[in-house]
Amino acid sequence: MVASFPATSNVVESAALSTVLDAPNSTFSLLYCDIIGRLDPTRNLLALGDATWTQLYADDWFNPDLLDKRSTPFEFMPVLYVHSEDGSQTVTIAESKAIEFYLAERFGCLGRNSYERSLINAFVSSSVALFDNFVTGVLMLKASPEVIQAQAAIFAETKIPDWIRIHEEHLKANGSNGHYVGNQISLADIRTANLVGIFLQHPSTGHLITPETAPGLLKVKEAIDTHPKIVQWRETPLFKSLRPNRDFPALPRPDCIKPYKRNSNHK
């Protein structure tokens, strides 16, 4: 049986847990593996928010008893645990998109008003849809090399060029300033920078992102990569211990990493 969320029909408990999520002095624990990939936006948001957080690794995730997996709401990582300042309460947020939107809202990366928020959500949705399709259709596709190559060609010939063209137009409309909305970093910028980085690293798509074809997208990535808080985060022992993907050998773990303990408050 998977872990369950508290019943929202309990108004008192719901309000108390909401207070934990909104409190300025809450701290965080992030359950995921030692991979940059999908969690790069989440970790960047924590860095931008000057958050106090701990990385948790579930060493027993693949054991036959499945107890670690079943202690999470959907039997998937990532999971974000938000702790009250005194450590007496912990709120669980599951699913990467829910985690990102919570952190983006908390740390001011969802715009200044409802209109900007709607724009940011739209740009994020567009980039996430392409990311998810590329991961399932190419990066993690269980098929013959010929089929994978054919799938990669479809993305390289149509899907990614269309995404580049459309997003370049939106970035140009915002003044080609390295941001989708206004002149501040948003979740849309963070998500796109991650996706551009993935495309640049993949042999079938790296040639699609150039200063000629995607100047706006590259400027977005540069704005994220050169932000002082992101630069500082990438100099930490934790970041340097993360692998680009599962094909790379595991690196030594820094002392700041904690083992995941099911049925604890993860603090």
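Me: Which residues lie nearest the centre of the largest pocket, and how many residues line it?

Reply: Happy to start there. In this predicted model, I35, G37, R38, L139 and N245 lie nearest the centre, out of 43 lining residues. The space in that pocket comes to about 1,400 Å³.

Me: Which helix gives the most to the lining of the largest pocket?

Reply: That is α7, with 6 residues. Helices α2, α4, α5, α7 and α8 each supply at least two. By class, the lining holds 23 nonpolar, 9 polar and 11 charged residues.

Me: Why is D132 called partly exposed?

Reply: Buried means under 20% relative accessible area and exposed means over 50%. D132 has 22%, so it falls in between. R38, with 26%, is partly exposed too.

Me: And what makes D68 count as buried?

Reply: Its relative accessibility is 3%, and the cut-off for buried is under 20%. D68 meets R262 in a salt bridge at 2.8 Å, N to O. R262 lies in the segment after β5 and D68 in helix α3, so the pair ties together parts that are 194 residues apart in sequence. R262 itself is partly exposed, at 27%.

Me: How many salt bridges are there in the whole structure, by a search?

Reply: The search finds 15. One of them joins R234 and D40, with the closest N and O atoms 4.0 Å apart. R234 is in the loop between α9 and α10, while D40 is in helix α2. D40 is buried, at 10% relative accessible area.

Me: Which residues are linked with D40 in a network of salt bridges?

Reply: K221, D225 and R234 are linked with D40.

Me: Back to α4: which of its residues are buried, and what covers them?

Reply: S96, I99, E100, Y102, L103 and A104 are buried. Their cover includes α1, β1, α2, β3, β4 and α7. After α4 comes G108, whose phi is positive, near 75°.

Terms used. Residues numbered from 1 in each chain as written. Predicted model: local features only at pLDDT ≥ 70, side-chain atom pairs only at ≥ 80, totals over all residues. Heavy atoms only, no water. Buried < 20%, exposed > 50% of the residue type's maximum accessible area, 1.4 Å probe, protein only. Helix = DSSP H or I, 4+ residues; strand = E, 2+ residues; numbered from the N terminus. Contact = heavy atoms within 4.5 Å. 1 Å grid on protein atoms, 1.4 Å probe; cavity = no way out; pocket = protein on both sides within 12 Å on 5 of 7 lines; lining within 4 Å. Points joined across faces, edges and corners; volume = space filled by probe spheres on them. Nonpolar A, V, L, I, M, F, W, Y, C, P; charged D, E, K, R; others polar. Salt bridge = Lys/Arg side-chain N within 4 Å of Asp/Glu carboxyl O.
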